[in-house]
Amino acid sequence: MPKTKQSPGALLLEFIDKYDLNCNRLSKEIKCSQTALRLISLDKSRITTSIAVRLAKYFGTKPDFWLLAQMDFDLTKAANNKTLIKALKGIPKAEKAKR
């Protein structure tokens, strides 16, 4: 079973701590909803492209940094999802057309 990667919310909280911020101040700085950042920090919402671009601009990272963190976390969760694993067993591989 794959190891769960750090959540995007935990990553965001690390940056907030490192730069001595809080969600309220950060939301004002990057011009987004305070609620959106709080939900991300609690892992109740995903990092969207818009938020990733804003965080990247503010923290001097690339949007990919935030989006890849979200994608890696989502893929790790999917790999551990028993319902999905069971469904995947019943899906055949596509066969190339014979021409």
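This is a predicted model: local features need pLDDT of at least 70, side-chain atom pairs count only at pLDDT 80 or more; totals for chains, interfaces and linings use all residues.
**F15 and F65.** I looked up F15 with F65 and found an edge-to-face pair, 5.8 Å centre to centre with 65° between the planes. This pair links distant parts of the chain, since F15 lies in helix 1 and F65 in helix 5 (residues 63-79), 50 residues apart. I took helices as DSSP runs of H or I, at least four residues, numbered from the N terminus.

**F65 and W66.** I then noted that the ring centres of F65 and W66 are 5.1 Å apart with the planes at 90°, so this pair is edge-to-face. Ring pairs join F15, Y19, Y58, F59, F65 and W66 into a cluster.

**Accessibility.** I used relative accessible area with a 1.4 Å probe and protein chains only: buried is under 20%, exposed over 50%, partly exposed in between. W66 is buried at 0%, and F15 is buried at 13%. F65 is partly exposed at 33%.

**E14.** I located E14 in helix 1 (residues 8-18). E14 is partly exposed at 47% relative accessible area. From E14 to P63 I read 17 Å, C-alpha to C-alpha, across 49 residues of sequence.

**Basis.** Residues are numbered from 1 along each chain as its sequence is written, and side-chain values use heavy atoms, without hydrogens and water. Local features need pLDDT of at least 70 and side-chain atom pairs count only at pLDDT 80 or more, while totals for chains, interfaces and linings use all residues.

Definitions and conventions
Helices (H or I, at least four residues) and strands (E, at least two) are DSSP runs, numbered from the N terminus. Rings of Phe, Tyr and Trp (its six-membered ring) pair if their centres lie within 6.5 Å; planes under 30 degrees apart count as stacked, over 60 as edge-to-face and the rest as tilted.
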